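Reader: I would like to learn how to read a model like this one. Please take me through it feature by feature.

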Amino acid sequence: MYAVLTVTSNPGSKKNKKKQTPGIDNVTLDSVEDKLDMVEKLRVLLNPQKLKANPIKRVYIPKENGKLRPLGIPTLQDRCLQKLINLILEPLVEANSDTHSYGFRKYRGAKNALGYLRTLIKSGGPDKYILDADIKAFFDNISHK
């Protein structure tokens with residue numbers, strides 16, 4: 001139930017403004033009964049062989065430079081399923097991850113990494129150098145031969 005409530009809650013807030021945007025199936029979860037039905041549909045995880053993702057709704061958002069940015073909108077069922085799987089896997093991944101990995105992790109960011117670096121530098125340990133590199137389009141520019 002928590003996954004469904006997380007996906008559908010606060011549709012009017014700034015952070016969650018577009019949460020109720022329907023996917024290609026045009027299904028919205030407006031009532032409590034709809035949300036309870038979605039919880040029952042998520043029982044597909046008990047039999048993963050029957051699990052099949054729905055097609056993504058493709059819309060194009062205009063950019064400031066006049067070009068269009070493609071945006072894929074999954075169905076609410078797929079969003080709820082993704083959140084449920086995230087709730088299951090995230091604690092397992094966090095428990096087994098490197099303690100000094102700061103990219104794309106909940107409650108961690110650049111400030112945490114800088115704090116750790118400051119601690120290392122002040123301790124005078126064997127790490128004397130820091131490499132700051134910006135690798136732009138790395139895989140586009142390396143030789144694949």
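**Reading the model**

Author: Start with Glu90: at 25% relative accessibility, Glu90 counts as partly exposed. Buried means under 20% relative accessible area, exposed over 50%, and partly exposed in between (1.4 Å probe, protein chains only). This is a predicted model: local features need pLDDT of at least 70, side-chain atom pairs count only at pLDDT 80 or more, and totals for chains, interfaces and linings use all residues. Residues are numbered from 1 along each chain as its sequence is written, and side-chain values use heavy atoms, with hydrogens and water left out.

Reader: What pLDDT does the protein chain average?

Author: pLDDT is the predictor's confidence in each residue, from 0 to 100. Here the protein chain averages 83. At least 70 is reached by 91% of the residues. Among the elements, strand S1 (residues 57–62) has the highest mean, 93. Helix H5 (residues 138–141) has the lowest, 74. Helices (H or I, at least four residues) and strands (E, at least two) are DSSP runs, numbered from the N terminus.

Reader: How many salt bridges does a search of the whole structure find?

Author: Side chains of opposite charge can pair when their charged atoms come close. A salt bridge is a side-chain nitrogen of Lys or Arg within 4 Å of a carboxyl oxygen of Asp or Glu. The search finds three. Glu90 pairs with Lys106, with the closest N and O atoms 4.0 Å apart. That pair links distant parts of the chain: Glu90 is in helix H3, Lys106 in the loop between H3 and helix H4 (110–123), 16 residues apart. Lys106 is partly exposed, with a relative accessible area of 43%.

Reader: Which side chain meets Arg105 in a salt bridge?

Author: Glu94 does, at 2.6 Å, N to O. This pair also links distant parts of the chain: Arg105 in the loop between H3 and H4, Glu94 in helix H3, 11 residues apart. Arg105 is buried, at a relative accessible area of 12%. Glu94 is partly exposed, at 29%. Glu40 and Arg43 form a salt bridge too, their closest N and O atoms being 3.0 Å apart.

Reader: Where does H3 bend?

Author: The bend at a residue is the angle between axes fitted to the seven residues ending there and the seven starting there. H3 bends by about 35° at Leu89. A proline, Pro91, follows within four residues. Now the length. The expected span of a helix is 1.5 Å times one less than its number of residues. For the 21 residues of H3 (residues 76–96) that should be 30 Å, and the end C-alpha atoms are 30 Å apart, which agrees.

Reader: Is Met38 buried or exposed?

Author: Met38 is buried, at 3% relative accessibility. Met38 lies in helix H2. Contact means heavy atoms within 4.5 Å. Not counting residues up to four places away in sequence, Met38 touches Val4, Leu29, Leu76, Gln77 and Cys80.

Reader: Which side chain of opposite charge is nearest to Lys35?

Author: Lys and Arg count as positive, Asp and Glu as negative; His and the chain ends are not counted. For Lys35 the nearest is Asp30, 7.7 Å away. Lys35 is buried yet has no salt bridge. Lys35 lies in helix H2 (residues 32–41).
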